[in-house]
Amino acid sequence: MHPAYSVIFFTVVSGMGYGLAFFLGIGLLDPATMAAKAAYLSALGMIGAGLISSTFHLKNPHRAWRAFSQWRSSWLSREGVMAILTFIPLTTNAALCVLFDIQSLPLGIAGTVGAAITVYSTAMIYASLRTVDAWHTRLTPACYLAFAALGGTLWTLFFDLLSTGSNALQLSLLSGAAIAGALALKLQWRARVHLQVPNSTPETATGLGHIGAVRLLERPHVNDNYLTREMGFRIARKHAAKLFRLHLIMAYLLPIIMVTLVLVGLTFAGFSAWYAVSAGLSLVFHTIGMFVERWLFFAEARHAVMNYYGG
Amino acid sequence: MTSLPQGSSSRKLGLVIDLDTCVGCHACVVSCKEWNTGGYGSALSDQDPYGADVSGAWLNRVHTFEVIPEGGEVIGEAGEARIVHFPKSCLHCEDAPCVTVCPTGASYKRAEDGIVLVDEDKCIGCGLCAWACAYGAREMDLAAGVMKKCTLCVDRIYNDTFEEVDRVPACVRTCPANARHFGDLGDPHSDVSKLVAERGGFDLMPEQGNRPVNKYLPPRPRTALAGAAALKPGQPEEESTEGATGFLRWLDVALDRI
């Protein structure tokens with residue numbers, strides 16, 4: 001599948017934003033601190049930038065408001081509706097935190113639940129497509145939720161270390177658990193892709209399997225068309241294994257080292273705001289690793305329609 | 001509304017495509033483009049239309065496949081090896097995933113006849129419906145930024161100002177090999193339904209669970225040359241043509257049949 005940069009940016013960045021919003025909602029940061037205010041603004045910034053970016057791949061973005069109407073059947077519509085609904089408690093709590101140094105727990109819980117449902121809806125857009133075998137699994141939303149949780153804990157740890165570090169020990173342990181969880185799910189997701197027998201083949205696509213093996217002799221047109229450009233993207237396959245290793249190193253290995261450094265420091269040397277540098281680096285590495293992951297998620301995926309176009 | 005129609009009427013308008021008679025001339029492809037660029041919705045644009053890298057939106061395309069049975073390489077000499085021309089357009093599925101994924105309500109399936117259409121004024125051009133379609137039936141029009149698809153020539157089939165014979169989709173009207181048939185596949189007594197029953201019409205990619213309305217008729221079995229060229233009873237031994245290959249074998253069989 002063609003990896004649209006706007007969609008990669010949206011899913012990665014707003015995914016992390018919702019992860020941060022998730023942990024802000026349950027009150028892991030003290031709303032009186034500057035760090036909590038910065039965290040609220042960062043979460044809103046990441047979510048907003050991601051959502052705006054997601055409209056860039058639309059050919060008629062001025063009609064985007066219509067996408068809120070079909071939540072009964074469409075995961076894309078549900079995602080849009082949930083994103084807007086989640087903004088209500090999130091911006092209210094952000095305003096309370098920035099202006100009055102407080103936050104409301106009921107609103108926070110509403111934001112936390114909304115953030116989780118929004119990320120789930122985003123993942124279900126892909127997981128609900130029967131045409132892309134690699135995506136059509138419950139592991140897809142599980143991975144998206146795990147990535148959001150992982151990004152969220154790393155951001156929360158970073159902001160906590162920037163202020164008093166009151167929850168830093170618990171947050172660094174939580175980050176470690178989130179890294180392990182996300183890694184386990186992603187490895188399982190990828191193992192499934194590799195073991196998978198394609199659901200559709202040129203034989204089932206043409207219904208001619210009873211005669212023999214089917215292979216394409218001629219495409220309908222000599223040049224590429226919308227379908228082959230959109231669904232027939234295959235540049236990634238050559239370097240896929242290398243890129244996946246890069247993802248493993250950047251998204252999990254380097255962050256777990258950085259988080260371990262924080263944990264060791266907290267345990268043996270007590271709190272220091274300098275630990276935020278380590279947590280900040282873990283975020284930089286993790287974000288790069290997630291961009292690689294998301295690019296591969298699209299670029300590697302095979303679409304059933306390519307059975308009509310010779311793979 | 002992008003939910004599929006519930007308790008809809010039993011009419012299921014669609015096409016039956018005969019893979020036995022299609023000669024791969026692409027007349028249906030051109031005729032479809034010609035009719036639909038001036039018909040329902042925005043024009044079907046081409047990008048770089050007179051250049052080397054021409055590409056555009058088409059609602060009907062003909063692919064060509066080779067089918068090779070085990071051990072067969074040369075057509076006609078081993079098994080059923082053959083070339084099959086394969087026209088493909090929207091199959092107007094009963095469980096159309098392109099309809100339910102649409103976030104705006106632009107994509108819909110008509111309750112009265114099952115035709116799947118796009119209301120272009122509502123389409124935001126997100127492309128998700130094209131991702132949901134296993135058959136490649138939807139193509140984005142890059143000039144208008146809206147999704148285009150086969151309308152089953154909804155602006156022909158109900159057009160009272162046309163002669164009866166012209167009230168069929170453009171591709172069906174134009175096919176010189178009579179490989180395309182249009183009718184109500186929901187009515188078991190319709191000509192198309194009888195044709196499907198007689199010839200063993202099948203669904204494309206049934207495993208995708210879309211329940212397509214359009215049906216395809218398989219190529220008829222052919223007589224392999226190897227079987228046909230055997231010695232006839234009572235024929236003198238020295239007249240045996242067994243062992244002839246390629247053109248001579250074909251000639252032998254063809255002369256036998258006359």
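In which loop of chain B is N178(B) found? N178(B) is found in the loop between α5 (170-174) and β10 of chain B, where helices (H or I, at least four residues) and strands (E, at least two) are DSSP runs numbered from the N terminus.

The structure is a predicted model in which local features need pLDDT of at least 70 and side-chain atom pairs count only at pLDDT 80 or more, while totals for chains, interfaces and linings use all residues. Residues are numbered from 1 along each chain as its sequence is written, chains are lettered from A and ligands numbered from 1 in the order in which they are written, and side-chain values use heavy atoms, with hydrogens and water left out.

View 1. N178(B) has a phi near 55 degrees, a positive value in a residue other than glycine. With a relative accessibility of 51%, N178(B) counts as exposed; buried means under 20% relative accessible area, exposed over 50%, and partly exposed in between (1.4 Å probe, protein chains only). R211(B), likewise a residue other than glycine, has a positive phi near 50 degrees. R211(B) belongs to the loop between α6 and β11 of chain B and is partly exposed, at 44% relative accessible area.

View 2. Contact means heavy atoms within 4.5 Å, and axes are lines fitted to C-alpha atoms, for helices over the stretch in contact, with angles running from 0 to 180 degrees between N-to-C directions.

**View 3. Strand β1(B) and its two partners.** The antiparallel pairing of β1(B) with β10(B) comprises 5 bridges, and G14(B) stands opposite G183(B) of β10(B). Strand β1 (residues 13-18) of chain B runs parallel to β11(B), to which 3 bridges join it; I17(B) has Y216(B) as its bridge partner in β11(B). Of the 6 residues of β1(B), 6 are buried. Both faces are covered, with L13(B), L15(B) and I17(B) buried on one side and G14(B), V16(B) and D18(B) buried on the other.

**View 4. The interface between chains A and B.** Contacts link 57 residues of chain A with 67 residues of chain B. About 5,000 Å² is buried between the two chains, and carbon and sulfur atoms give 59% of this area; buried area is the accessible area (1.4 Å probe) that two parts lose on being put together, summed over both. In chain A, the residues that lose the most area to chain B are I211(A), Y226(A) and Y308(A), which together account for 13% of what that side buries.

**View 5. The surroundings of Q208(B).** Q208(B) lies in the loop between α6 and β11 of chain B and is buried, at 1% relative accessibility. Leaving aside residues up to four places away in sequence, Q208(B) touches R130(A), T131(A), N199(A), S200(A), A304(A) and A134(B).

View 6. Over all chains, the search of the whole structure finds 0 disulfides, a disulfide being a pair of cysteine sulfur atoms within 2.5 Å. C175(B) is in no disulfide, and its nearest cysteine sulfur, that of C25(B), is 6.2 Å away. C175(B) is buried, with a relative accessible area of 18%.

Technical notes: Pairing = 2+ DSSP bridges.
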